[in-house]
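Hello,

Here is the structure I said I would pass on. My notes follow it.

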Amino acid sequence: MPTDPLLRLDEVYRTESRRAFATLVRLLGDFDLAEECLHDAFAVAVEQWPRDGVPENPRAWLVSTARFKAIDALRRRAKFAASLAFVATRLAGSREPISDDEFEDDRLRLIFTCCHPAIAPSTQIALTLREVCGLSTEDIASAFLTAPATIAQRIVRGKAKIRAAKIPYQVPSLADLPERIDSVLAVVYLVFNEGYSASSGHSLTRTDLTEEAIRLGRLLVELLPDAEVLGLLALMLLTESRRPARASSTGDLVLLEEQDRSLWNREQIAEGRALVARAVASPPIGAYAIQAAIAALHAEAATAAETNWGRIVAWYDLQLRADPSPVVELNRAVAIALLDGPAAGLDAIESLLNRGELADYHLAHAAHADLCRRLGRFDEARDSYRSALARTQQEPERRFLERRLREVSGQ
Amino acid sequence: MRYLLLAYSDEGVWTDPNELDAYRLESVALTHDLHANGQYLGAAPLHPVATATSVRVRDGKRLVTDGPFAETSEQLGGFFLIDAANLDEAIAIAARIPGARKGTVEIRPVVELPGLPQLN
């Protein structure tokens with residue numbers, strides 16, 4: 001049976017290890033060394049904490065212990081490379097962070113480094129999930145339907161690039177921040193999306209990823225409260241607020257229009273709406289802020305029937321002006337259907353599908369099927385539900401689509 | 001840390017000799033700026049790719065041919081060798097190279113091999 005100190009250690013491992021890691025990367029200047037020494041520090045904790053009790057500040061204790069392990073390791077390796085002796089000496093003399101703020105600064109440094117534009121986007125995501133969020137290679141691989149070996153290779157290459165090209169471990173200057181924040185926002189949003197609607201597997205959501213993404217979003221708002229950063233955090237909070245209502249007790253998908261709104265998290269909604277107001281008040285607003293504004297309109301409606309679809313369509317119009325993408329057009333078409341009736345939406349979706357861009361997007365086929373179903377065009381609905389099923393691997397979504405398919409097949 | 005900045009562009013876009021001269025003057029000014037900061041290690045424009053010669057040695061045999069090693073849509077037009085603290089500094093310098101406005105500047109970190117001759 002684990003004793004109290006070991007339970008606490010387990011908790012510290014889950015909640016504090018990535019913060020400690022971020023600081024160690026700064027102190028040691030190397031990802032792999034930081035990982036190694038942090039691991040050694042936990043090994044020491046397993047022995048010492050049951051004997052001496054849990055330290056008052058576990059995170060600081062970990063950083064301190066890891067640092068000493070690093071000095072030892074570097075001095076051992078210095079026998080083969082004189083430069084490492086210098087690093088060891090400098091490390092021994094450097095000051096440790098004490099305040100929470102300094103730990104948070106190090107986390108920001110880590111995110112910006114992992115999302116540096118000199119690193120390929122797919123590698124940015126893998127690095128961020130691994131180094132900032134602490135996910136295992138296997139978890140990252142299953143989240144993105146890639147082989148673990150591919151993810152591992154990307155991470156190795158990413159770290160090699162950081163080392164060889166000497167990507168600096170720092171938060172960009174104020175002048176460079178607007179340019180650099182875009183890739184960070186994109187990665188954070190990807191992490192959130194992956195958590196909110198897991199690509200594969202049996203569970204509809206992975207709360208560890210959504211929580212991590214929201215935490216990162218808060219850090220970024222503190223750093224740069226511009227419309228898009230505010231918008232992303234708002235969007236994540238408003239989306240997350242619906243999580244308790246999104247899946248039934250059997251893990252089945254519950255559509256927005258059918259969700260029990262009393263289950264929505266009112267605190268997150270209030271925070272999200274306040275952030276939207278701030279974002280809209282500081283133009284120029286972009287895609288995240290607009291999507292957040294739409295999510296806020298859903299959150300404000302006491303029932304699905306009271307949803308202000310007219311204002312939602314107006315937001316999609318605005319979004320299309322800035323970002324004329326087929327997915328945005330699809331979302332707008334769905335809103336049009338709810339505003340002006342299924343036939344109006346169906347025309348828009350059919351012309352989209354005919355253009356071919358959304359041919360592989362299961363939601364386009366699902367939306368088409370749904371509108372056909374509402375219009376009593378069951379043959380076309382059946383075809384489209386089948387097309388949608390062929391394009392998604394997520395279990396709860398598949399069960400939902402299969403149920404609809406049965407409904408329109410007269411069973 | 002040393003970085004080699006390689007300026008590539010489509011030779012076809014340099015039709016105006018006055019423009020080329022202006023770009024070269026700007027590059028020279030950049031080298032002096034870098035030199036003042038202790039970042040300049042060398043730079044030069046290159047003669048067009050038509051003047052290139054390629055050399056390969058295979059099985060002890062020397063093979064010499066006319067032209068670059070590969071036909072590409074953008075060709076190497078010049079280089080800067082710099083000393084910068086990190087990649088962001090190198091990127092900031094690369095963005096100032098006039099050729100970056102017409103083509104692409106590739107940044108390659110230099111491997112510091114021990115045992116090379118010291119130049120003054």
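Two residues are taken to be in contact if their C-beta atoms, placed from the backbone, lie within 7 Å. Please keep in mind that this is a predicted model.

Helix pair in chain A

With that cut-off, A:Ala227, A:Leu230, A:Gly231, A:Leu233, A:Ala234, A:Leu237, A:Leu238 and A:Glu240 of α11(A) meet A:Gln268, A:Ile269, A:Glu271, A:Gly272, A:Leu275, A:Val276, A:Arg278 and A:Ala279 of α13(A). Sorted by class, this contact between α11(A) and α13(A) comprises 10 nonpolar, three polar and three charged residues.

As for geometry, helix α11 of chain A spans residues 227–240 and helix α13 of chain A spans residues 266–280. Their axes are 8 Å apart, and the packing angle is about 155°. Angles over 145 degrees count as roughly antiparallel, so α11(A) is roughly antiparallel to α13(A). The crossing of α11(A) past α13(A) is left-handed.

Sheet in chain B

In chain B, four strands make an open sheet with antiparallel pairing, in the order β2-β5-β1-β6. At the edges are β2 (40–45) and β6 (104–109) of chain B, each of which pairs on one side only. From one strand to the next, the twist averages 20°.

Strand β1 of chain B (residues 2–9) runs antiparallel to β6(B), and six bridges join the two. Opposite B:Thr104 in β6(B) stands B:Tyr8.

Helix α1 of chain B (residues 17–36) packs on this sheet, where it touches β2 and β5 (75–83) of chain B. The direction of α1 makes about 170° with that of β2(B).

Regards

Methods. Residues are numbered from 1 along each chain as its sequence is written. Chains are lettered from A and ligands numbered from 1 in the order in which they are written. This is a predicted model: local features need pLDDT of at least 70, side-chain atom pairs count only at pLDDT 80 or more; totals for chains, interfaces and linings use all residues. Axes are lines fitted to C-alpha atoms, for helices over the stretch in contact, and angles run from 0 to 180 degrees between N-to-C directions. Angles under 35 degrees count as roughly parallel, over 145 as roughly antiparallel, 65 to 115 as roughly perpendicular and the rest as oblique. A crossing is left-handed if the near helix is turned anticlockwise from the far one by less than a right angle, and right-handed if clockwise. Ala, Val, Leu, Ile, Met, Phe, Trp, Tyr, Cys and Pro count as nonpolar, Asp, Glu, Lys and Arg as charged, and the others, Gly among them, as polar. Two strands pair if DSSP finds at least two bridges between them.
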